[in-house]
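I opened the notebook to record what I looked up in this entry. The notes follow in the order in which I took them.

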Amino acid sequence: MTARIARVKGRSLWDSRGRPTVEAEVTLESGAVGRAIAPAGASRGAHEAIDLRDGGEAFLGFGVDRAVAGIAAEIAPAIIGMDAREQAAIDRALCELDGTPNKARLGANAVVAVSMAVLHAAAADAREPLWRWLAEGRKVRIPLPEIQIFGGGAHAGRRTDVQDFMVMCPRAGSFRRALDITHDVFRAAGRLMEAKGPLSGVADEGGWWPNFASNEDALETLTRAIEASGHRDVYISLDIAANELGDESGYKLALDGRRLTGAEMAGRMIEWTKRFPILSIEDPAGQDDWKTMAAVNAAIGNRVQLIGDDVLVTNAERVEAAAKAGVCNAALIKVNQVGTVSEAKAALDAARAHGWGTLVSARSGETEDVTIAHLATGWNAGQLKVGSFTRSERMAKWNEVLRIEEAMGPDAEFAGASAFAAPVAEALR
Ligand code: 2PG
Ligand code: MG
């Protein structure tokens, strides 16, 4: 009975937006089984790995029959017989088999599902929960959650330009307490919107649908919601997803009726951090506008977390280049952005080597798959971004971390402020 791969099966299922997605199931000779489902982004960077979609009329072109067929025809024969515990070798084989720089041939959706399913199978074979299998005996921290209150941008019909209005509770002391506090802020935000009239459902990641007069109106409402919750030490975290707003030639804030140059965009970000309790900003400029990113980082990177998402696309080489250029102090890690578990881990390790914060992140299109809860904990990433505080494709991940925290018992250590790059953690003290 060995950990050699005996069977690899792909199938198409549905994601949280009701679009087709890929599930992979890997069975080992020992009988251990691992399963994983590919997530899908809506605000994507140009340098990301590419999903294989069928195109055509059916399912608006989002079908995944070709990706699933590739698992049976090519991926399964290539990795059957390999040892599931050799994740790096398997991921290398997947990359070589695909043969493109961005997984375009077999599809990042097929590749990531298989890569993560192999990981699950190896942990199941060892009879360990995935987080503990990944920790390899090292002490790991429970991640600090970054939780959305309003969802905007590409996840909400562009009702606000800023994509994610989130909160973080670095002093909560435990994951459970951080969620309790977030619950109160989320409800307070809903009550404020109800009182003003514009409460109208939730966006793609479960946050309140953002009916605001301006981006700053949203920031003010969130600040008031935090106050109304009665909790202290709750901070705002933004994903500007500025890639969706423009590039080095200028940024369009449609809701505010403004066009900003890169320098003005940097100025706007810096100003917001002075007016609102903002602790973290993701993608304040377009993916290739490193000049604006570096300007923001130089001005406030000593006290505000600046996360690269579309700018880094979970790519270790881009992390290295970005570190040289001084564009951010934290990296968002999305396995499907690069395609395999090993490449995502390499990007995380590169970011950590530069003293950055690291956040394992979901995509806007998700499922019941909770792999990221285990990656964030087992890799000791320090932070976890999942989306908001409603809908089970989001809550499943938060709930999984609660189980992990309970399983760790008195040994559980909440990452809290230690999750940030040293200067930001220091500024919080
Ligand atoms: C992001 C993610 C999650 P998407 O920009 O960080 O919020 O969005 O999955 O659509 O890229
Ligand atoms: Mg982002």
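How far is an oxygen atom of ligand 1 from an N or O atom in the side chain of Asp 309? I read 3.0 Å for this pair. I note at once that the model is predicted, and that side-chain atom pairs count only at pLDDT 80 or more.

Ligand surroundings. I listed the residues around ligand 1 and got 16. The closest are Ala 42, Ser 43, His 155, Ser 364 and Lys 385. I then looked up two further polar side chains. Arg 363 has a side-chain N or O atom 2.8 Å from an oxygen atom of ligand 1. For Asp 239, a polar side-chain atom lies 3.1 Å from an oxygen atom of the ligand.

Domains. I took the bounds from the domain assignment of the protein chain: domain 1 covers 5-127 and domain 2 covers 144-427. Over C-alpha atoms, the centres of the two domains are 27 Å apart. I find 31 residues of domain 1 and 32 residues of domain 2 in the contact.

Buried area. Between them, domain 1 and domain 2 bury about 2500 Å². Carbon and sulfur atoms carry 53% of that area.

Polar links across the interface. I count 20 residue pairs in polar contact between domain 1 and domain 2, both residues at pLDDT 80 or more. On the side of domain 1 that touches domain 2, the elements giving two or more residues are strand S3 (33-37), helix H2 (87-98) and helix H3 (108-125). H3 gives the most, with seven residues. By class, I sorted this side of domain 1 into 15 nonpolar, nine polar and seven charged residues.

Salt bridges. The rule gives 32 salt bridges, and it finds three across the interface of domain 1 and domain 2. I looked up Glu 48 and Arg 363, whose side chains meet in a salt bridge at 3.1 Å, N to O. Arg 363 is the residue I had already noted for its 2.8 Å approach to an oxygen atom of ligand 1.

I also checked Glu 74 and Arg 105, which form a salt bridge at 2.7 Å, N to O. Glu 74 sits in helix H1 (residues 65-79) and Arg 105 in the loop between H2 and H3, so the pair links distant parts of the chain, 31 residues apart.

Note on methods: Residues are numbered from 1 along each chain as its sequence is written. Chains are lettered from A and ligands numbered from 1 in the order in which they are written. This is a predicted model: local features need pLDDT of at least 70, side-chain atom pairs count only at pLDDT 80 or more; totals for chains, interfaces and linings use all residues. Side-chain values use heavy atoms; hydrogens and water are left out. Domain bounds come from an automatic or database domain assignment. Contact means heavy atoms within 4.5 Å. Buried area is the accessible area (1.4 Å probe) that two parts lose on being put together, summed over both. A salt bridge is a side-chain nitrogen of Lys or Arg within 4 Å of a carboxyl oxygen of Asp or Glu. A polar contact is a pair of N or O atoms within 3.5 Å; within protein, one must be able to donate a hydrogen and the other to accept it, and residues adjacent in sequence count only if both atoms are side-chain atoms. Helices (H or I, at least four residues) and strands (E, at least two) are DSSP runs, numbered from the N terminus. Ala, Val, Leu, Ile, Met, Phe, Trp, Tyr, Cys and Pro count as nonpolar, Asp, Glu, Lys and Arg as charged, and the others, Gly among them, as polar. A residue is near a molecule or strand if one of its heavy atoms lies within 4 Å of it.
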